[in-house]
Amino acid sequence: MTSIKDVANLAGVAVGTVSRVINNAGAVKPVTRNKVLAAIEQLNYVPNEVARNFKMQKSKMVALLLPSIWHPFFSELAYYIEDELDQEGFKLMLCNSGGKPEKELYYFDMLQQNKVAGIVGITYNDIEDSVSSGIPIISIDRHFMKEITCVTSDNFGGGCMALRELVKAGAQKPAFLGSVPMAYSETMLRKQGFVHEANTMGVEHIVFEAESDDALLNDDTFRQFLETHKDVDGVFAITDMVAARFIEIAKAAGVKVPSDIRVIGYDGIQDHPYFHPVLSTIRQPVEEMARTAVKLLLKKIGGDSLDQETYRIPVTFRAGETT
């Protein structure tokens, strides 16, 4: 493995000079800097990030804690978070918890011990009592404590928007389709916005909540809903994944979308027109959420105070073939 000494020998300079070039610290003559950079490129030298951070006592590593990397929303979020960090000279450490609270707590403990610069975290588990604010943290969708800032989309506004769009599409008895969360998060405001707007407009509506996310995605749950609420002609699903699965089960039961029942999801993860039907959805501003979270985190890392506890970013309605 190529070492910093190898780079120094090839460039004909001291190890300290190579270190100053790598860390962009201290004065180095342009000619000397070019020699070092040429040697690094020739040897394909990759600096030991951990060792550098230890010596500098200043980490350039930010951890992203996700419940699931395979989910399109989280994948897109991770992409923009990494891109924004890269532009700011930081590296990303991805921690995929699988939504397991014990694994999330393990990661939080590990990250604090290893002195990462900060954490962007997404968790929907009840682990607040075990999360320390001793390290800069930005949360997505979830409130922990005042010291931890939350970045989220306007979930309440999205719920209101979904109700209005269902009514506009002809629904006379719309329903909210979701699950009971283990801990409070901003996603709960989707239902609240839906109910608020229905009451404001005087629209008869149904709230159908399964006992858990797993129960909600169970085919029998959807069949039970369709059997119990045959007069429902519009559905606002708490996520696009739930909406897509509901449409599949509805079609199998002989219920046509959108002529029999209109469907709107939440997230906006279905970007390609090759997928049919194209889902009508409340689109989250994923890129803006990701970049905002990184910018706020870097402010915290730099010791700056933030002027808000929660940053809510507006959503948009994207019409598809299901309304």
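The model described here is predicted.

Lys 191 forms a salt bridge with Glu 209, and the closest N and O atoms are 3.3 Å apart. Lys 191 belongs to helix α8, while Glu 209 sits in strand β7 (residues 206-210), so the bridge ties together parts that are 18 residues apart in sequence. Glu 209 is also partly exposed, at 32% relative accessibility.

## A second bridge on helix α8

Glu 197 and Arg 164 join their side chains in a salt bridge, 3.3 Å from N to O. Arg 164 lies in helix α7 (residues 155-168) and Glu 197 in helix α8 (residues 189-201), so this pair links parts that are 33 residues apart in sequence.

Are the two partners buried or partly exposed? Glu 197 is buried, with 12% relative accessibility. Buried means under 20%. Arg 164 is partly exposed, at 36%.

The whole structure holds 15 salt bridges. One of them pairs Asp 219 with Arg 245, with the closest N and O atoms 2.6 Å apart. Asp 219 is in helix α10 (residues 219-228) and Arg 245 is in helix α11 (residues 240-252), so the pair connects parts that are 26 residues apart in sequence. Asp 219 is partly exposed, at 22%. Arg 245 is partly exposed as well, at 23%.

Some bridges share partners. In this way Asp 83, Glu 84, Glu 287, Arg 291 and Lys 295 are joined into one network.

## The open sheet

Which strands build the open sheet, and in what order? Six strands do, running β2-β1-β3-β4-β5-β11, with parallel pairing. β2 and β11 (310-313) stand at the edges with a single partner strand each, so one side of each has no neighbour in the sheet. From one strand to the next, the twist averages 20°.

Strand β5 (residues 149-153) runs parallel to β11, and four bridges join the two. Ser 153 stands opposite Ile 313 in β11.

Leu 94 counts as partly exposed, at 42% relative accessibility. With Ile 69 and Trp 70, Leu 94 forms a nonpolar surface patch of about 330 Å² accessible area.

## The whole protein

The protein has twelve helices and twelve strands. It has 323 residues, and 48% of them count as buried. The accessible surface is about 16100 Å², with 51% belonging to carbon and sulfur atoms.

Contacts also reach along the sequence. Among those between residues at least 6 apart, 69% join residues at least 24 apart.

Notes:
Residues are numbered from 1 along each chain as its sequence is written. This is a predicted model: local features need pLDDT of at least 70, side-chain atom pairs count only at pLDDT 80 or more; totals for chains, interfaces and linings use all residues. Side-chain values use heavy atoms; hydrogens and water are left out. Patches are made of residues with over 30% relative accessible area and no salt bridge: like charges are joined within 9 Å, nonpolar side chains (Val, Leu, Ile, Met, Phe, Trp, Tyr) within 5 Å. Accessible areas come from the Shrake-Rupley method with a 1.4 Å probe; for residues, only the protein chains shown count as cover. A salt bridge is a side-chain nitrogen of Lys or Arg within 4 Å of a carboxyl oxygen of Asp or Glu. Buried means under 20% relative accessible area, exposed over 50%, partly exposed in between (1.4 Å probe, protein chains only). Two strands pair if DSSP finds at least two bridges between them. Axes are lines fitted to C-alpha atoms, for helices over the stretch in contact, and angles run from 0 to 180 degrees between N-to-C directions. Contact means heavy atoms within 4.5 Å.
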